[in-house]
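Hi,

Here is the structure I promised to pass on.

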Amino acid sequence: MAGVLLLVLHCGSFILISAITTDQTTTVRSTLDSDAAFPTTESLLPAGQTNATEVPTTGFTTRYSKSTTKPPQTTTTTQHVTEHAAKPTEKVVSKKDTEEEEGPLELERRSTRSIKVAKKPKTILNKPKLITKKLKKVVKKVKPQVKQSVRQSVATETVPQCPPLGLESLKVKDNQLRASSFQRRGLGPHRGRLNIQSGVEDGDIYDGGWCAQYKDKQQWLEVDARQPTRFTGVILQGRSSIWSWNVVYTYKVQFSNDTLVWKPCMNGTEEAVFEGNQDTETPVLALFNTSTVARYIRINPQTWYQNGTQGDICLRAEVLGCTLPDPNNIYAWQTEPIESRDKLDFRHHNYKEMRKLMKSVNEACPDITRIYSIGKSYTGLKLYVMEISDNPGKHELGEPEFRYVAGMHGNEVLGRELLLNLMQYMCQEYKRGDQRIVRLVKETRIHLLPSMNPDGYELAFKKGSELAGWAWGRYSYEGIDMNHNFADLNSGMWTAIELETDRSKLINHYFPIPEQYTSEEAFVASETRAVINWMQNIPFVLSANLHGGELVVTYPYDMTKDWAPREHTPTADESFFRWLATVYASTNQVMSNPDRRPCHNKDFRRFNNIINGADWHNVPGSMNDFSYLHTNCFEVTVELSCDKFPHASELPIEWVNNRESLLVYMEQVHRGIKGVVRDKDTETGIADAIIKVDDIDHHIRSVTDGDYWRLLNPGEYRVTASAEGYLPSSRTCQVMYDHYPTICDFRLTKVPKQRLKDLLAKGGKLPKDLQLRLRQLRLRKLRVTTKALNQRRTAAAKRAKRTR
């Protein structure tokens, strides 16, 4: 992905900013004229009001740029404009690295069925030189293609960077966006949102940006903040499209309070012209040196990619602004967003800060928490897990294991922060005596992995929320998409079903990992290998994989049978997976809102915000499918927000939106049946006993101590337990609507031959029932052999008689 160009725009002068990731530090290079000073903050409203919503800006590498200027002019317009839909987005500001702390305990190995996935030899670099070279190369390419006159800036006014208004996160509604013109509805102003993604086909209602109908300098995109706002900057992006390439090279900015009189952003005594994009994906940030208070802001493109005569004016945008109190609005309390009352650390945490927060939670609740590492990323960052249980570090008989995994894609950061908030919240509420949390902690062993891809996150974190784009930091350090990096067990299963005529010989669970996947040469991320070993060592029952960029819950299978682009591909547990997905989606405050607009190019409201993964798009090698086919664990994917990297100011609201969903989903681990499979004679647990439910073609197995958990919807089921060397046992189990599982224990009797072998091996005497059973078997065998011998003798006598 191209490097991010940041423009510090001054309504008096502006500075071009390039986000540099070369040495994981930022270098400030600027030449200021100390004899001059910028004018004070401009305002179209009475001054003197302060704003509490300001947040500190991220550090950037700055250098002075050139500006093209024109004489200022005030525009009066009564032109009719159309209002259209739009999408909001919130983004994050990088935080200061904190001091390194000691690493926590390593993962305790318990399982006897672990399949080793060979680790690929690697050289760990302290600084990502390869990626640095790529970034340098891209930054060099991204140069303005428009001639500009040079004007030296003067001493700058310090303007705090305000949060985004919310075009990307959908906080800004569709009717707050207007435009001078647009080509069609799919390219209307409601589509001019930062990072919005287009559909597969051009021409549909889900295109990737706003495109003006006319190709002149009078076109504009307007944002109505709906209240007095101190505007501090603009972020611009080109059109998202598979088939078209459209960018705006330069643009102007105007402000208004009534949409009739517009005041341009000035560069001294001349109207400022700001640099836009050189490619379609790299966000370009423009920070105004002199902020302006107004209600409306317009982005007015001046030059764009012409493509001969075919080039269109197209863009995606976000506006930075701090909302101010409106003295005329006496009902402000009715429109204020609901803030969280939980006292949690609502900010973005880099690797070191994440470790510190986890350590602080562990110190606050040492009796119910434990931190451990399941492995390392390619660059050596540990994959830390927070365990929450009344007996941390130990699997308790009959207690199910639950996990949340976040940060598989490093730039999808909301899941990471929600899990950090969740561990803080559970610690606080447990100490307060909240009975719901106490019950969860005492009856469940919970594992929270906030960052599966810490290398990717660090890259995205350094760019900042709005500036990471759509894919920067998504992949591992090696460029691997971990959502496609698990072993493809689906293909082998479907091939076996097609070729095998005797279905009794088919397996439907615990599919082995292919040999080529476990080799050192396999292109498998070190993070993926660590998670696979984690899955094999802990008997997880239920899990969720937290992503971002949409608002939907998907369930297996994620891969289509015939590699079709999309096709509904259900598992044998389709009904229960739909229940799991519905539980999260229906309790999520944003997903369950019937009035919300679609994020990008698919309206999931039609499906109640749940969908079969393969029916959305084909994902071979997903963690959901692997978990279902290789282990006992059921797993879904939760797409948490339209914005992959919400601004820090949005985190409290996102916590409120997801808190109940996170808790109620964890409680589903207690739905269905559970029990212990024991030896009838010794009462010891039987490991690897197969639990079969009639009419559901997917079995699960008991774990080391013989305990098992089978997730099921309410109903009556015929359940059979079987194990090697034992006679199978069946019973009927009734699953109720309670939040507690039905207990279904099994005691298996060894087959006589196996019992005899075990007794003789121990040098013991045979019990009377076994002696009687053996005597009966000998007599039966004697009768059979005697009868066969008599039949042969009779036949021989008849033959001899005929020959005489």
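**Salt bridges**

Asp-342 counts as buried, because its relative accessibility is 15% and the cut-off for buried is under 20%. Keep in mind that this is a predicted model.

Asp-342 has a charged partner: its side chain meets that of Arg-659 in a salt bridge, at 2.6 Å from N to O. The two sit 317 residues apart, with Arg-659 in helix H13 (residues 651-667) and Asp-342 in the loop between helix H2 (332-335) and helix H3 (351-364). Arg-659 itself counts as partly exposed, at 27% relative accessibility.

Helix H13 turns up again in another pair. Glu-660 forms a salt bridge with Arg-436, and their closest N and O atoms are 2.9 Å apart. Since Glu-660 lies in helix H13 and Arg-436 in helix H5 (residues 435-443), this pair ties together parts that are 224 residues apart in sequence. Glu-660 is partly exposed at 34% relative accessibility, and Arg-436 is partly exposed too, with a relative accessible area of 22%.

Glu-387 and Arg-370 form a salt bridge, with 2.9 Å between the closest N and O atoms. Glu-387 belongs to strand E21 (residues 382-388) and Arg-370 to strand E20 (residues 369-376), 17 residues apart. Both of these residues are buried. They are also part of one network, in which salt bridges with shared partners join Arg-370, Glu-387, Glu-401 and Arg-445.

As for the overall tally, the structure holds 29 salt bridges, including the ones described above.

Cheers

Key: Residues numbered from 1 in each chain as written. Predicted model: local features only at pLDDT ≥ 70, side-chain atom pairs only at ≥ 80, totals over all residues. Heavy atoms only, no water. Salt bridge = Lys/Arg side-chain N within 4 Å of Asp/Glu carboxyl O. Helix = DSSP H or I, 4+ residues; strand = E, 2+ residues; numbered from the N terminus. Buried < 20%, exposed > 50% of the residue type's maximum accessible area, 1.4 Å probe, protein only.
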